[in-house]
Amino acid sequence: MYLKLFHGCAVLLGLLVVSPALAKDDKTTALCAKAEQRYEKMFGHPSVEAEGVTVVKMYKYRFCPEKLEVPVGTTVRWVNVDKRTSHTVHLNEAGEKESDRLFPEEAFEFTFLSAGSQQYLCGPHWETRQMIGMVTVTP
């Protein structure tokens with residue numbers, strides 16, 4: 001068998017074989033693009049907010065983006081852009097209680113005041129849907 005790596009993909013006997021990680025990345029990218037479209041339709045502008053605020057969209061049982069890096073002092077705003085599903089944000093490692101259920105177009109904010117990594121999750125959907133995210137706060 002002939003196997004050669006080409007731009008992160010394996011070429012086997014002239015056929016392109018996409019790695020599962022790349023396929024997942026493409027699926028996540030497409031899903032998050034749809035989440036951004038929903039945000040723009042709901043609010044009339046892109047999700048880019050004022051300096052010091054980062055928006056994470058909750059859509060189809062995912063956080064978009066799932067991982068982010070922000071400087072200390074940044075406020076993260078989680079916004080539900082689903083049509084019918086409610087979500088929560090639980091920053092359990094920060095000792096914060098779980099947010100109330102966020103219905104479509106509702107948001108929850110948290111300002112990160114110290115450096116480090118913080119996992120967060122959607123209380124109702126983290127176990128069955130793997131709705132888990134990570135924020136890394138830099139000094």
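Author: Let us begin with a term we shall need: a residue is called buried when its relative accessible area is under 20%, exposed when that area is over 50%, and partly exposed in between. Please keep in mind that this is a predicted model.

Reader: Okay, so where does arginine 62 fall, buried or exposed or partly exposed?

Author: Arginine 62 has a relative accessible area of 28%, so it counts as partly exposed.

Reader: And which residue does arginine 62 meet in a salt bridge?

Author: Its partner is glutamate 66, with 3.6 Å from N to O, and glutamate 66 is partly exposed as well, because its relative accessible area is 22%.

Reader: How many salt bridges are there in the whole structure?

Author: A search of the whole structure gives 3 salt bridges. Another of them joins the side chains of lysine 57 and glutamate 36, at 3.3 Å from N to O. This pair links distant parts of the chain, since lysine 57 lies in strand β4 and glutamate 36 in helix α1, 21 residues apart.

Reader: Are those two buried or exposed?

Author: Lysine 57 and glutamate 36 are both buried.

Reader: Switching over to arginine 77, what does it pair with?

Author: Arginine 77 forms a salt bridge with glutamate 109, and their closest N and O atoms are 2.4 Å apart. Here too distant parts of the chain are linked, with glutamate 109 in strand β8 and arginine 77 in strand β7, 32 residues apart.

Reader: Why does arginine 77 count as buried?

Author: Arginine 77 is buried because its relative accessible area is 19%, which falls under the 20% cut-off. Glutamate 109, at 42% relative accessibility, is partly exposed.

How values were computed. Residues are numbered from 1 along each chain as its sequence is written. This is a predicted model: local features need pLDDT of at least 70, side-chain atom pairs count only at pLDDT 80 or more; totals for chains, interfaces and linings use all residues. Side-chain values use heavy atoms; hydrogens and water are left out. A salt bridge is a side-chain nitrogen of Lys or Arg within 4 Å of a carboxyl oxygen of Asp or Glu. Helices (H or I, at least four residues) and strands (E, at least two) are DSSP runs, numbered from the N terminus. Buried means under 20% relative accessible area, exposed over 50%, partly exposed in between (1.4 Å probe, protein chains only).
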